Amino acid sequence: MTTMSRIAISRRSLLGVGAAVVGTVAMPAVLRAKTLKWIGASTAPQSDFISQALDVYAERVKDLTKGEILISSHYAGSLGGERENVEGLLQGSIQVATPGAALLAGWYKPAEVFTYPYLFKSVAHKDRAMTAIMDEYGEEVAKKAKLRPIAAIARMPRMLSSNRDVKTPADLKGFKIRVPETPMWKRTFEHFGASPTPMPFPDVFQALKSGVIDGQENPTALTYNSGIFDVNHNLALTEHMMQDNMIVLPEATFQGVGAEQRKALVQAAREMEENIRPKVLADDAVTLAKVKEKKVAINDVDKDAFRASLKGMEAEFPHVRQWAERITAIS
(Lines give C-alpha, C1' and ligand atoms only; values in the text may rest on other atoms or scores of the structure.)
Protein backbone atom coordinates (compact mmCIF):
# COMPACT_ATOMS: atom_id res chain seq x y z
CA MET A 1 0.00 0.00 0.00
CA THR A 2 1.36 3.41 -0.99
CA THR A 3 1.83 6.31 1.39
CA MET A 4 -0.98 8.22 -0.40
CA SER A 5 -3.37 5.24 -0.01
CA ARG A 6 -2.62 5.02 3.69
CA ILE A 7 -3.32 8.77 4.07
CA ALA A 8 -6.64 8.43 2.19
CA ILE A 9 -7.73 5.53 4.39
CA SER A 10 -6.76 7.45 7.53
CA ARG A 11 -8.80 10.43 6.41
CA ARG A 12 -11.81 8.23 5.70
CA SER A 13 -11.39 6.64 9.11
CA LEU A 14 -11.23 10.02 10.82
CA LEU A 15 -14.32 11.19 8.94
CA GLY A 16 -16.12 8.04 10.00
CA VAL A 17 -15.15 8.56 13.63
CA GLY A 18 -16.15 12.22 13.35
CA ALA A 19 -19.53 11.27 11.92
CA ALA A 20 -20.05 8.78 14.72
CA VAL A 21 -19.16 11.40 17.33
CA VAL A 22 -21.51 13.93 15.74
CA GLY A 23 -24.24 11.29 15.69
CA THR A 24 -23.62 10.49 19.35
CA VAL A 25 -23.74 14.15 20.31
CA ALA A 26 -26.75 14.92 18.09
CA MET A 27 -28.88 12.04 19.26
CA PRO A 28 -29.44 13.31 22.83
CA ALA A 29 -30.28 16.74 21.35
CA VAL A 30 -32.96 15.10 19.22
CA LEU A 31 -34.29 13.26 22.24
CA ARG A 32 -34.23 16.43 24.35
CA ALA A 33 -36.30 18.22 21.71
CA LYS A 34 -39.13 15.77 22.43
CA THR A 35 -39.23 16.71 26.12
CA LEU A 36 -40.50 20.15 27.10
CA LYS A 37 -39.57 21.25 30.61
CA TRP A 38 -42.01 23.84 31.93
CA ILE A 39 -41.94 25.91 35.12
CA GLY A 40 -45.09 25.90 37.29
CA ALA A 41 -45.68 28.53 39.99
CA SER A 42 -47.91 28.75 43.07
CA THR A 43 -47.94 31.40 45.78
CA ALA A 44 -49.53 28.94 48.23
CA PRO A 45 -47.65 26.51 50.52
CA GLN A 46 -47.13 23.02 49.13
CA SER A 47 -49.78 21.71 51.56
CA ASP A 48 -52.47 24.04 50.19
CA PHE A 49 -55.00 22.78 47.63
CA ILE A 50 -53.83 25.40 45.10
CA SER A 51 -50.35 23.86 45.09
CA GLN A 52 -51.79 20.35 45.23
CA ALA A 53 -53.83 21.18 42.13
CA LEU A 54 -50.67 22.27 40.33
CA ASP A 55 -49.01 18.97 41.26
CA VAL A 56 -52.00 16.91 40.10
CA TYR A 57 -52.10 18.83 36.82
CA ALA A 58 -48.37 18.33 36.27
CA GLU A 59 -48.67 14.60 36.89
CA ARG A 60 -51.61 14.18 34.52
CA VAL A 61 -49.86 16.23 31.82
CA LYS A 62 -46.79 14.04 32.17
CA ASP A 63 -48.87 10.86 31.87
CA LEU A 64 -51.09 12.02 29.01
CA THR A 65 -48.17 13.34 26.95
CA LYS A 66 -46.07 10.23 27.71
CA GLY A 67 -43.42 12.37 29.33
CA GLU A 68 -43.16 14.89 26.50
CA ILE A 69 -44.20 17.78 28.79
CA LEU A 70 -42.73 17.92 32.30
CA ILE A 71 -43.91 20.64 34.71
CA SER A 72 -41.81 21.39 37.78
CA SER A 73 -43.77 22.94 40.67
CA HIS A 74 -42.48 25.91 42.69
CA TYR A 75 -44.46 26.78 45.83
CA ALA A 76 -45.02 29.45 48.48
CA GLY A 77 -44.29 32.43 46.27
CA SER A 78 -40.73 31.34 45.54
CA LEU A 79 -41.18 32.77 42.01
CA GLY A 80 -43.00 35.89 43.20
CA GLY A 81 -46.59 36.86 43.96
CA GLU A 82 -49.56 36.09 41.75
CA ARG A 83 -49.15 39.24 39.66
CA GLU A 84 -45.45 38.52 39.13
CA ASN A 85 -46.31 34.96 38.13
CA VAL A 86 -48.71 36.18 35.43
CA GLU A 87 -46.10 38.64 34.19
CA GLY A 88 -43.70 35.68 34.07
CA LEU A 89 -46.14 33.85 31.79
CA LEU A 90 -46.11 36.75 29.35
CA GLN A 91 -42.33 37.07 29.55
CA GLY A 92 -41.79 33.35 28.98
CA SER A 93 -40.02 32.62 32.28
CA ILE A 94 -43.03 30.65 33.63
CA GLN A 95 -45.29 28.31 31.66
CA VAL A 96 -47.98 27.44 34.25
CA ALA A 97 -49.34 29.76 36.97
CA THR A 98 -52.16 29.47 39.53
CA PRO A 99 -53.55 32.98 40.22
CA GLY A 100 -56.92 33.90 41.68
CA ALA A 101 -59.40 34.05 38.81
CA ALA A 102 -60.09 37.78 39.18
CA LEU A 103 -56.41 38.70 39.18
CA LEU A 104 -56.45 38.40 35.39
CA ALA A 105 -58.57 41.57 35.35
CA GLY A 106 -55.25 43.41 35.16
CA TRP A 107 -54.93 42.04 31.60
CA TYR A 108 -58.56 41.15 30.78
CA LYS A 109 -60.91 43.47 32.64
CA PRO A 110 -64.06 41.24 32.53
CA ALA A 111 -62.20 38.70 34.72
CA GLU A 112 -63.37 40.85 37.63
CA VAL A 113 -66.66 38.96 37.30
CA PHE A 114 -65.23 36.25 39.55
CA THR A 115 -65.43 38.57 42.55
CA TYR A 116 -69.01 39.65 41.81
CA PRO A 117 -70.98 38.99 45.01
CA TYR A 118 -73.57 36.21 45.05
CA LEU A 119 -72.85 35.33 41.42
CA PHE A 120 -72.98 31.59 42.08
CA LYS A 121 -76.03 29.86 43.59
CA SER A 122 -73.96 27.25 45.45
CA VAL A 123 -70.59 25.52 45.43
CA ALA A 124 -72.00 22.85 43.11
CA HIS A 125 -73.29 25.55 40.75
CA LYS A 126 -69.89 27.25 40.78
CA ASP A 127 -68.13 24.02 39.86
CA ARG A 128 -70.59 23.27 37.03
CA ALA A 129 -70.37 26.82 35.71
CA MET A 130 -66.58 26.97 35.77
CA THR A 131 -66.33 23.76 33.75
CA ALA A 132 -69.08 24.86 31.35
CA ILE A 133 -67.48 28.19 30.46
CA MET A 134 -63.80 27.29 30.64
CA ASP A 135 -63.13 26.53 26.97
CA GLU A 136 -65.09 29.58 25.78
CA TYR A 137 -63.59 31.81 28.47
CA GLY A 138 -60.07 30.56 27.76
CA GLU A 139 -60.43 31.36 24.06
CA GLU A 140 -61.68 34.88 24.82
CA VAL A 141 -58.87 35.68 27.28
CA ALA A 142 -56.28 34.19 24.94
CA LYS A 143 -57.50 36.43 22.13
CA LYS A 144 -57.50 39.61 24.24
CA ALA A 145 -54.64 39.04 26.70
CA LYS A 146 -52.38 36.29 25.28
CA LEU A 147 -53.08 34.20 28.38
CA ARG A 148 -55.07 30.96 28.45
CA PRO A 149 -57.01 30.00 31.59
CA ILE A 150 -57.41 26.24 31.23
CA ALA A 151 -58.75 24.98 34.58
CA ALA A 152 -60.46 26.09 37.78
CA ILE A 153 -58.81 25.28 41.12
CA ALA A 154 -61.66 24.88 43.59
CA ARG A 155 -61.95 27.15 46.60
CA MET A 156 -64.79 27.42 49.08
CA PRO A 157 -67.06 30.45 49.67
CA ARG A 158 -65.70 33.47 51.51
CA MET A 159 -67.04 34.06 55.03
CA LEU A 160 -66.76 37.00 57.42
CA SER A 161 -64.77 36.71 60.65
CA SER A 162 -65.04 39.33 63.40
CA ASN A 163 -65.64 39.90 67.12
CA ARG A 164 -69.33 40.73 66.81
CA ASP A 165 -72.51 38.97 65.72
CA VAL A 166 -73.22 39.67 62.08
CA LYS A 167 -76.54 38.47 60.68
CA THR A 168 -77.74 41.33 58.44
CA PRO A 169 -76.12 44.25 56.59
CA ALA A 170 -77.32 46.53 59.41
CA ASP A 171 -74.82 44.79 61.70
CA LEU A 172 -71.96 46.07 59.52
CA LYS A 173 -72.60 49.78 60.03
CA GLY A 174 -69.24 51.37 60.89
CA PHE A 175 -67.55 47.98 60.63
CA LYS A 176 -63.91 48.25 59.51
CA ILE A 177 -63.20 45.25 57.31
CA ARG A 178 -60.07 44.33 55.44
CA VAL A 179 -60.64 43.68 51.74
CA PRO A 180 -58.23 42.87 48.89
CA GLU A 181 -57.11 45.86 46.90
CA THR A 182 -59.67 45.72 44.08
CA PRO A 183 -62.61 48.06 43.27
CA MET A 184 -65.34 45.40 43.31
CA TRP A 185 -64.40 44.09 46.75
CA LYS A 186 -64.44 47.61 48.14
CA ARG A 187 -67.81 48.48 46.58
CA THR A 188 -69.36 45.20 47.73
CA PHE A 189 -68.74 46.02 51.38
CA GLU A 190 -69.72 49.63 50.94
CA HIS A 191 -73.08 48.36 49.66
CA PHE A 192 -73.25 46.09 52.70
CA GLY A 193 -72.82 49.20 54.89
CA ALA A 194 -69.29 48.48 56.14
CA SER A 195 -66.13 50.61 55.95
CA PRO A 196 -63.77 48.55 53.76
CA THR A 197 -60.02 48.92 54.29
CA PRO A 198 -57.84 47.61 51.43
CA MET A 199 -54.83 45.82 52.90
CA PRO A 200 -52.33 43.08 51.90
CA PHE A 201 -53.26 39.79 53.54
CA PRO A 202 -49.94 39.38 55.46
CA ASP A 203 -50.85 42.52 57.46
CA VAL A 204 -54.30 41.28 58.49
CA PHE A 205 -53.53 39.34 61.67
CA GLN A 206 -51.72 42.22 63.37
CA ALA A 207 -54.34 44.72 62.19
CA LEU A 208 -57.07 42.60 63.79
CA LYS A 209 -55.07 42.15 66.97
CA SER A 210 -54.42 45.89 67.33
CA GLY A 211 -57.98 46.91 66.45
CA VAL A 212 -57.08 48.73 63.22
CA ILE A 213 -59.78 46.61 61.56
CA ASP A 214 -62.77 44.74 63.00
CA GLY A 215 -62.85 41.77 60.67
CA GLN A 216 -61.81 40.13 57.43
CA GLU A 217 -63.31 37.75 54.87
CA ASN A 218 -61.84 34.61 53.34
CA PRO A 219 -62.62 30.92 52.85
CA THR A 220 -62.86 29.36 56.30
CA ALA A 221 -59.81 27.13 55.79
CA LEU A 222 -57.53 30.08 55.06
CA THR A 223 -58.92 32.03 58.03
CA TYR A 224 -58.34 29.03 60.31
CA ASN A 225 -54.88 28.14 58.96
CA SER A 226 -53.76 31.76 59.32
CA GLY A 227 -54.52 31.77 63.06
CA ILE A 228 -57.15 34.48 62.71
CA PHE A 229 -59.59 32.69 65.00
CA ASP A 230 -57.13 33.39 67.81
CA VAL A 231 -58.17 37.06 67.55
CA ASN A 232 -61.63 36.78 65.92
CA HIS A 233 -64.24 34.75 67.76
CA ASN A 234 -67.22 35.04 65.41
CA LEU A 235 -67.76 33.59 61.95
CA ALA A 236 -70.67 34.81 59.81
CA LEU A 237 -71.65 32.34 57.08
CA THR A 238 -72.18 35.04 54.47
CA GLU A 239 -70.89 33.04 51.46
CA HIS A 240 -70.85 36.44 49.75
CA MET A 241 -68.27 35.51 47.14
CA MET A 242 -66.81 32.39 45.53
CA GLN A 243 -63.57 32.87 43.63
CA ASP A 244 -61.62 29.89 42.37
CA ASN A 245 -57.98 30.07 41.39
CA MET A 246 -57.04 29.04 37.87
CA ILE A 247 -54.42 27.12 35.95
CA VAL A 248 -53.17 29.62 33.37
CA LEU A 249 -50.73 29.12 30.47
CA PRO A 250 -49.23 31.63 28.06
CA GLU A 251 -51.17 31.41 24.79
CA ALA A 252 -47.85 31.24 22.88
CA THR A 253 -46.87 28.16 24.91
CA PHE A 254 -50.25 26.49 24.37
CA GLN A 255 -50.17 27.10 20.61
CA GLY A 256 -46.50 26.14 20.44
CA VAL A 257 -47.17 22.43 20.98
CA GLY A 258 -48.87 19.92 18.71
CA ALA A 259 -52.59 19.21 18.51
CA GLU A 260 -52.31 16.00 20.54
CA GLN A 261 -50.37 17.77 23.27
CA ARG A 262 -52.96 20.60 23.39
CA LYS A 263 -55.67 17.97 23.75
CA ALA A 264 -53.71 16.40 26.63
CA LEU A 265 -53.29 19.79 28.35
CA VAL A 266 -57.07 20.31 28.29
CA GLN A 267 -57.87 16.75 29.37
CA ALA A 268 -55.43 17.04 32.29
CA ALA A 269 -57.23 20.23 33.33
CA ARG A 270 -60.61 18.50 33.54
CA GLU A 271 -59.13 15.55 35.42
CA MET A 272 -57.43 17.85 37.92
CA GLU A 273 -60.75 19.60 38.61
CA GLU A 274 -62.48 16.27 39.25
CA ASN A 275 -59.66 15.22 41.59
CA ILE A 276 -59.44 18.40 43.68
CA ARG A 277 -63.08 19.50 44.06
CA PRO A 278 -64.29 16.71 46.40
CA LYS A 279 -61.15 17.05 48.51
CA VAL A 280 -61.70 20.79 49.00
CA LEU A 281 -65.35 20.18 49.91
CA ALA A 282 -64.48 17.47 52.44
CA ASP A 283 -61.71 19.59 53.96
CA ASP A 284 -64.12 22.49 54.47
CA ALA A 285 -66.38 20.35 56.66
CA VAL A 286 -63.39 19.19 58.71
CA THR A 287 -62.17 22.78 59.11
CA LEU A 288 -65.58 24.04 60.25
CA ALA A 289 -65.58 21.35 62.96
CA LYS A 290 -62.16 22.58 64.11
CA VAL A 291 -63.46 26.15 64.22
CA LYS A 292 -66.33 25.05 66.46
CA GLU A 293 -63.83 23.30 68.76
CA LYS A 294 -62.16 26.70 69.29
CA LYS A 295 -65.50 27.98 70.66
CA VAL A 296 -65.95 30.36 67.75
CA ALA A 297 -69.57 31.54 67.42
CA ILE A 298 -71.04 30.48 64.08
CA ASN A 299 -73.68 32.91 62.76
CA ASP A 300 -76.15 32.14 59.99
CA VAL A 301 -77.04 35.29 58.07
CA ASP A 302 -79.96 36.74 56.13
CA LYS A 303 -78.52 36.26 52.64
CA ASP A 304 -81.58 37.78 51.00
CA ALA A 305 -80.92 41.01 52.91
CA PHE A 306 -77.28 41.00 51.83
CA ARG A 307 -78.30 40.40 48.21
CA ALA A 308 -80.88 43.19 48.37
CA SER A 309 -78.24 45.66 49.56
CA LEU A 310 -76.36 45.15 46.29
CA LYS A 311 -79.18 46.58 44.15
CA GLY A 312 -77.78 48.77 41.37
CA MET A 313 -74.22 47.52 41.75
CA GLU A 314 -74.30 45.79 38.36
CA ALA A 315 -74.50 49.20 36.67
CA GLU A 316 -71.16 50.15 38.25
CA PHE A 317 -69.36 47.23 36.60
CA PRO A 318 -70.80 46.87 33.06
CA HIS A 319 -67.66 45.12 31.84
CA VAL A 320 -68.58 41.95 33.78
CA ARG A 321 -72.11 41.68 32.38
CA GLN A 322 -71.28 39.28 29.53
CA TRP A 323 -69.85 36.60 31.81
CA ALA A 324 -72.23 37.27 34.71
CA GLU A 325 -75.19 36.60 32.43
CA ARG A 326 -73.50 33.54 30.96
CA ILE A 327 -72.82 32.10 34.43
CA THR A 328 -76.25 32.82 35.93
CA ALA A 329 -77.91 31.14 32.93
CA ILE A 330 -76.21 27.84 33.80
CA SER A 331 -78.48 25.62 35.87
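## The largest pocket

Ala, Val, Leu, Ile, Met, Phe, Trp, Tyr, Cys and Pro count as nonpolar, Asp, Glu, Lys and Arg as charged, and the others, Gly among them, as polar. By that scheme, the lining of the largest pocket holds 21 nonpolar, 14 polar and 11 charged residues. The model is predicted.

## Who builds the lining

Which helix gives the most to the lining of the largest pocket? Helix H9 does, with five residues. Several other elements each supply at least two lining residues. Among them are helix H2 (49-64), helix H3 (82-91), strand S8 (215-219) and helix H7 (220-225). H5 is also on that list.

## Helix H9

H9 covers residues 259-293, which makes 35 residues. From its first C-alpha to its last, H9 reaches 52 Å. That is close to the 51 Å expected at 1.5 Å a residue. Lysine 295 follows H9, and its phi is positive, near 65°.

How do the two strands pair, parallel or antiparallel? Strand S6 (residues 176-179) and strand S7 (residues 195-198) pair in the parallel sense, over four bridges. Lysine 176 stands opposite serine 195 in S7.

Note on methods: Residues numbered from 1 in each chain as written. Predicted model: local features only at pLDDT ≥ 70, side-chain atom pairs only at ≥ 80, totals over all residues. Heavy atoms only, no water. Expected span 1.5 Å × (residues − 1). Pairing = 2+ DSSP bridges.
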